[in-house]
Amino acid sequence: MSNQAKTRTVEEINEKIRRGDAQVLTAEEMKRLVEESGVEVAFKEVDVVTTGTFGAMCSSGAVINIGHSDPPIKIDHAWINDVEVCHPGAAVDLFVGATNMSEKQPFEYGGGHVIEDLVAGKEVELRATAYGTDCYPRTSIKTTLTKDDLNQFCLLNFRNGYQRYNCAVNSSDEIIYTYMSKLLPRIRNATFSGAGELNPLMNDPDYETMGMGTRIFLGGAQGYIIGEGTQHSPKNLNGTLMVKGDAKKMTPEFLQGAAFTKYGTSLYVGLGVPIPILNEGLAKKTAIKDSEIFTDIVDYSVPRRDRPKFGKVSYKELKSGSITVNDKKVRVSSLSSLKMAKKVAASLKSWINEGQFLLTAPVERLPTNTVFKPMRQTEEIPFVVSVMHPAITCTENEPIQAIAERIVTKSVNHIVVVDNTGKLLGIVTSWDITRAMAEGKKALADIESRNVITAKPDEPLEIASKRMAQHNISALPVIDIERKVLGIITSEDVSRLLGR
Amino acid sequence: MGRILIRFSEEKVSEPIAAQIIIEYKVPMAILSAHVNSKGGEILAEVPDDMEEKIVKAFRKRGVEVTVPKLIEVDNEKCFSCGSCIALCPVEAISLDQDSSVQFDKEKCVGSTCSICVDACPARAIKSVKNGAKKS
């Protein structure tokens, strides 16, 4: 390529890699170079920029073929280390899904761990059952396997490398455990995921160089992009990748099983894509910085598809360790590993420098117009708002006698205690009144419950109903974000609607 | 300052032993965390190094179990430095160092009396150590 050329090709870069004089920088190094010397110089000097990410990628799995037993079996149900694996095809092909959990140690060990153990060379136990056919007569089998016993051990991940992801918080009064990890009540912490400026798709946001057939770093070995990932949503910078690779060659350092308390298991995947700097535009794009990448702060306490948001935040702020939510400083930590993401980018760089890794131009680029649609639902599910009715209320200075009368005249079991602006203070039940009579108590303050379990109007009824059962109570005041009482739902309302 | 973990049995918890020792020895004991109810409980406290031996003996004489807590165990083989634990830590004992590795400051950690990070670790690399080493 002459110095004046405005473009270079993948083949020209590969020629340089073979000769050992390709210039390869990690995405981090590229950003520094562009800042110091500008895009023009960076384009002239740099042939390839390596990216990397290392996060929990739940839509991961492995296709394995275990060979035929004698007599042969057409597997119907199978388990590896007590994790159910599925049998999507013929007799002895299995799919190990990262999120399938062990029946003996659920939430602690799952498909992700099975994949990690196999990659690490450990022996795993296979159990399988079958209904038996004339050609496959066997009905059960038990054996141990290592990766060397498998014919194929193909990592096949249908959604990896998310371009960016939400920052999660929890505005409720209770701790919640999510796929975004443990979220403390009243927004006392925040979590995020993604490598930001090191993410492969962020460095080539128009997918000029990526698509079917792009050779990548996957789990410590060479793998390939095989198309857009599921839920690929390029228009709002939420692109994803579908990838595959030979897991026999991978290393457990870059494929690690993970357990999220009360959520389930997953697999952390090291994934890196080399971006050939084919033109100045790509040199500029690969200079993108964390301060230019924004994501939403999302309230995970609302279990709906569209959760409320608390504004936007940059990856620079996220990586700084604290962000501001509702004018309050909140500490934030990552779920994906920046250290490992850097290691992926550095490993890929050294592979190219050593001539072990040649670039490929995609056979077909990733689409830039896919839309991620919500589910078509043919059955409506009930929400709290659909059964809630007005609450019978009282104030804190009313005599118990008056409250007892109200329970009788309104024929209810629950009276909600509010202040003069209608905000929730407590709850009194007919049982509390009975007890007050028996024990001779006169003041409402002595009998009301102040630690009130509540519901929000836009919550699914089923979740509110579970909360009642969990706390062994029969009603939930429904409140808004300012704790103003909007109404009440009772277990009778729920059973009338849900039939239980 | 040295850390001691004081465990009260159900029989001992109703006696004002900690208060008596603080008064008797004039020890400026800082209580880092306390979980005590009528069934017993434990207090993690900090005492000046030069008084530690005396204070430990004083508690033991009154029939209270005292250990020097080894607070937390981190399996560095398992930890892949995601950092999920960092923002949860109430005493800011966990941080990312220069090369983005997760570091635990065992001096700051209050250990088994907190353990908030333990079930948030996706690699299951953190163990809270319930039984601290016996102080001789």
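Okay, let's start with one pair of residues: in chain A, A:A128 stands opposite A:I141, which belongs to strand β9(A). Before I go on, keep in mind that this is a predicted model.

So what holds that pair in place on the strand level? Strand β8 of chain A, residues 124–129, is joined to β9(A) by six bridges, and the two run antiparallel.

Now let's zoom out to how chain A is divided. There's domain 1, made of 10–57 plus 156–365, then domain 2 at 67–150, and domain 3 at 384–498. Between domain 1 and domain 3 of chain A, the C-alpha centres are 48 Å apart.

Next up, a sheet. Six strands of chain A form an open one, in the order β23-β22-β11-β14-β25-β24, with mixed pairing. Why do β23 and β24 have one side without a neighbour in the sheet? Strands β23 (309–314) and β24 (322–325) of chain A stand at the edges, and each has a single partner strand, so one side of each is left open like that. From one strand to the next, the twist averages 30 degrees. If you follow β24(A) to its partner, four bridges join it to strand β25, residues 328–334 of chain A, and these run antiparallel. Along that pairing, A:S322 stands opposite A:R331 in β25(A).

Let's talk about the inside. In soluble globular proteins, nonpolar side chains tend to be buried together. Here the largest nonpolar core has 143 residues, and those touching the most other members are A:M30, A:V46, A:I115, A:A190, A:I277, A:V344 and B:C85. Which element gives this core its largest share? That's helix α6 of chain A, residues 338–353, with eight residues. There's also a second, separate core of 31 residues, including A:I400 and A:I479. Going back to A:A190, its contacts beyond four places away in sequence include A:C167, A:V169, A:I323, A:V332 and, over in chain B, B:A87.

That brings us to chain B. It has two helices and nine strands, and from the N terminus on the order is β-α-β-β-α-β-β-β-β-β-β. Its C-alpha atoms fill a box of roughly 50 × 30 × 25 Å along the principal axes. Of the 136 residues in chain B, 35% are buried. Looking at contacts in chain B with a separation of 6 or more, 67% are between residues 24 or more positions apart.

How many residues of chain B are in contact with chain A? The answer is 16, and they meet 24 residues of chain A. On the chain B side, that's eight nonpolar, five polar and three charged.

Most residues other than glycine have a negative phi, and most peptide bonds are trans. Yet a cis peptide bond joins A:D70 and A:P71, with omega about -10 degrees. A:P71 sits in the loop between β4 (61–65) and β5 (77–80) of chain A. Then there's A:R186, with phi near 50 degrees, a positive value, and A:I187, whose phi is also near 50 degrees. A:R186 is in the loop between β13 (181–183) and β14 (190–192) of chain A, and A:I187 lies in the loop between β13 and β14 too. Is A:R186 buried or exposed? It counts as exposed, because it has 12 C-beta neighbours inside 10 Å. A:I187, with 19 other C-beta atoms within 10 Å, is partly exposed.

Definitions and conventions: Residues numbered from 1 in each chain as written. Chains lettered and ligands numbered in written order. Predicted model: local features only at pLDDT ≥ 70, side-chain atom pairs only at ≥ 80, totals over all residues. Buried ≥ 20, exposed ≤ 12 C-beta atoms within 10 Å, placed from the backbone. Contact = placed C-beta atoms within 7 Å. Core = buried A, V, L, I, M, F, W, Y, C linked by C-beta atoms within 7 Å. Domains from an automatic or database assignment. Nonpolar A, V, L, I, M, F, W, Y, C, P; charged D, E, K, R; others polar. Pairing = 2+ DSSP bridges. Axes fitted to C-alpha atoms, helices over the stretch in contact; angles between N-to-C directions.
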